[in-house]
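The following exercises treat the architecture of a two-chain model. Each task is followed by a solution set out in steps.

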Amino acid sequence: MTLRTMTLTAIVALSSAAAGAEEVRVYNWSDYIDEELLSKFEEETGIKLIYDVFDSNEVLETKMLAGGSGYDVVVPTGTFLQRQIQAGAFQKLDPAMLPNAKNLWDVIESRTAQYDPDNAYSINYMWGSTGLGVNVGKVREVLGEDAPLNSMDLIFKPENMEKLAACGVHFLDAPTELIPAVLQYIGEDPDSHDKDVIAKTEPILMGVRPYIQKFHSSEYINALANGDICVAVGWSGDVLQARDRAAEAENGVEIEYHAFAEGSLMWFDQMAIPVDAPNPAAAHKFLDFIMDAQNMAAASNYVYYANGNEASQQFLEEDVIGDTAIYPDEETMSNLYTTTPYPAKTQRVVTRLWTKIKSGT
Amino acid sequence: MRRAVLIAVPYLWLLALFLVPFVIVFKISLSDVALARPPYLPQFSWDEGILAFLSELDFENYIFLTEDDLYWKAYLSSLKIAVFSTVLTLLVGYPIAYGMARAPSEWRPTLMMLVILPFWTSFLIRVYAWMGILSNEGFLNQFLLGIGLISEPLIILNTNTAVYIGIVYTYLPFMILPIYAALDRLDGSLIEAAEDLGCSRLSAFWLVTIPLSKNGIIAGSFLVFIPALGEFVIPSLLGGSGTLMIGKVLWEEFFSNRDWPVASAVAVVLLLILVIPIVLFQRNQEKQQEAEQ
């Protein structure tokens with residue numbers, strides 16, 4: 001009798017534990033959210049949030065294409081999202097479960113529609129540009145007071161890079177962003193998919209290759225903040241986070257972000273739900289939570305990226321909404337360009353070129 | 001019956017953990033890349049019949065590997081890094097193992113513990129710690145600048161030097177333990193005999209100790225060489241972009257190109273390269289066991 005009661009109690013306890021432990025698994029970029037939002041989501045919904053991070057679209061894409069990632073919400077960049085939608089990796093969003101979608105900003109939605117027609121599969125989380133993170137003091141020390149801090153000349157002219165090599169230069173390890181930048185620099189279409197046009201970027205990159213210390217997509221935040229490097233080609237908000245970390249550390253390092261005067265790549269990070277998400281209902285709740293104006297504002301205030309949420313703008317701090325590095329003015333905005341995904345053959349050419357540039361073979 | 005079961009267990013192990021994964025990887029290496037989930041065709045389905053399935057497979061990806069010099073350069077560079085780091089690990093590890101074997105016996109468990117202790121911390125964290133030590137503003141440079149030995153920080157992080165340091169550090173216990181085991185069993189009276197017969201200490205070491213610890217050296221070297229050849233984490237964290245290793249090339253095929261078939265072909269070739277040292281290692285182990293019996 002006692003044994004039977006115990007077994008029953010155990011079964012009841014187990015099943016109620018299973019029912020109570022509703023989970024949602026989110027896979028987002030590193031350094032990309034105010035972590036207080038995560039606990040706030042758990043408190044409001046009672047759903048346990050498991051939050052993992054990545055630092056490259058390629059890693060995410062491989063998980064999506066392999067299937068069975070176990071994630072409920074993932075955050076690919078527009079170009080990658082488009083290809084993954086074609087491969088059948090995502091499920092359509094259910095508008096009925098996303099009342100906060102009314103907060104979205106049509107200006108951004110019209111742009112993200114080129115990757116995700118009708119924005120059927122994704123919502124915009126953040127957007128930004130790819131530009132220059134500079135340690136102002138060190139760069140001026142090396143190149144003089146009139147150093148071209150906002151120009152591609154800084155990183156694509158060998159005579160500048162030769163001098164900068166002494167204080168350290170990092171490039172993003174993201175060929176799909178750097179190749180378009182070089183094309184823009186030499187006056188070609190940054191979104192060209194023509195192999196011969198893409199090949200024109202090789203001499204430019206090879207010319208500065210000896211002076212690049214590392215190609216990496218997340219280390220530069222700390223490296224800039226610590227003063228280990230003086231220039232990084234990086235993402236806007238990441239550089240601004242480095243600026244803040246340096247200011248907090250009071251180590252005398254002053255970091256600035258500049259979009260390229262020649263034109264910068266504009267990208268959109270989109271939240272989407274994998275087709276095989278274990279808990280799509282909770283995933284929708286998470287998306288709706290993120291689209292809440294105050295929550296989205298809190299995220300932007302924390303990570304220094306612009307978001308695609310118009311209603312959140314009234315809650316943004318002045319140093320976010322008022323900073324043209326984050327919310328660009330009309331002129332910079334018109335200077336931003338976007339790209340489309342490469343087909344497989346072109347992708348191979350681009351990756352091969354990138355490997356050649358990185359390793360010298 | 002019992003004997004059959006005993007023999008079956010290791011073979012089942014081999015089948016489940018080596019042969020089945022290998023056949024899957026080999027099959028993918030014969031497929032074509034496609035925009036699908038997973039991103040290759042044909043996928044694992046027999047709906048159209050086995051012959052139709054097989055007819056879609058070919059060796060195209062292996063031919064592709066020979067057409068681009070990137071791949072053999074990466075294999076060669078990995079081999080070079082693996083050989084050099086094995087030699088370095090041996091040079092560092094042998095004296096440590098020797099010292100341990102010569103230490104008073106009450107110390108030995110403690111020394112052994114000290115060699116094994118790093119395994120208590122995650123491998124990844126230990127490699128990250130080296131980033132902190134080796135960076136331009138890191139502990140090593142701070143120290144050397146502090147005592148006035150150098151005036152400019154040494155650039156070590158993100159170079160091949162850092163990769164060697166990382167590999168030697170990480171795999172050192174794998175070198176020390178087998179050598180220590182060999183030296184520990186060494187009969188001290190043999191050395192005495194050599195010295196009585198007129199050998200200097202150095203030549204006794206060279207003529208007696210080294211040959212008798214040969215099996216330990218060989219075992220240790222293979223335990224370092226084999227994982228170092230396919231190493232990915234250490235070169236990607238400590239190495240610079242100029243560090244060309246097959247593990248990184250494989251990563252790029254898999255992640256950047258989304259070309260699982262070519263990535264699988266690279267992996268199969270890597271395995272073939274490793275088969276030679278692994279077979280040699282097995283032979284050595286067997287010989288050692290026979291010698292002991």
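Helices are DSSP runs of H or I with at least four residues, and strands are runs of E with at least two. The model is predicted.

**Exercise 1. Determine the secondary structure content of chain B and decide whether chain B is more spread out than a compact globule.**

Step 1. Under that definition, chain B contains 14 helices and 2 strands.

Step 2. The globule rule gives 19 Å for 293 residues, whereas the radius of gyration of chain B is 24 Å.

Step 3. The extents of the C-alpha trace along the principal axes of chain B are about 75 × 65 × 35 Å.

**Exercise 2. Describe the domains of chain B and the side of domain 1 that touches domain 2.**

Step 1. Chain B is divided into domain 1, residues 1-58, and domain 2, residues 69-292. Their C-alpha centres are 33 Å apart.

Step 2. To the contact between them, domain 1 of chain B contributes 10 residues and domain 2 of chain B contributes 8 residues.

Step 3. On the domain 1 side, the elements giving two or more residues are α1 (2-29) and β1 (32-33) of chain B. Of these, α1(B) gives the most, with 4 residues.

Step 4. By class, this side of domain 1 of chain B comprises 7 nonpolar, 2 polar and 1 charged residues.

**Exercise 3. Characterise the packing of helices α4 and α8 of chain B.**

Step 1. Helix α4 of chain B covers residues 69-102 and helix α8 of chain B covers residues 160-184; their axes lie 6 Å apart at an angle of about 45 degrees.

Step 2. Angles under 35 degrees count as roughly parallel, and those from 65 to 115 as roughly perpendicular. The angle therefore makes α4(B) oblique to α8(B).

Step 3. The crossing of the two helices, α4(B) and α8(B), is right-handed.

Step 4. The contact of α4(B) with α8(B) consists of 22 nonpolar, 3 polar and 1 charged residues.

**Exercise 4. Describe the domains of chain A and their contact.**

Step 1. The contact involves 15 residues of domain 1 of chain A and 17 residues of domain 2 of chain A.

Step 2. On the domain 1 side, helix α4 (residues 78-86) of chain A gives the most, with 3 residues.

Step 3. The residues of that side of domain 1 of chain A are 7 nonpolar, 5 polar and 3 charged.

Notes: Residues are numbered from 1 along each chain as its sequence is written. Chains are lettered from A and ligands numbered from 1 in the order in which they are written. This is a predicted model: local features need pLDDT of at least 70, side-chain atom pairs count only at pLDDT 80 or more; totals for chains, interfaces and linings use all residues. Domain bounds come from an automatic or database domain assignment. Two residues are in contact if their C-beta atoms, placed from the backbone, lie within 7 Å. Ala, Val, Leu, Ile, Met, Phe, Trp, Tyr, Cys and Pro count as nonpolar, Asp, Glu, Lys and Arg as charged, and the others, Gly among them, as polar. Axes are lines fitted to C-alpha atoms, for helices over the stretch in contact, and angles run from 0 to 180 degrees between N-to-C directions. Angles under 35 degrees count as roughly parallel, over 145 as roughly antiparallel, 65 to 115 as roughly perpendicular and the rest as oblique. A crossing is left-handed if the near helix is turned anticlockwise from the far one by less than a right angle, and right-handed if clockwise. The radius of gyration is taken over C-alpha atoms; the globule rule is 2.2 Å times the number of residues to the power 0.38.
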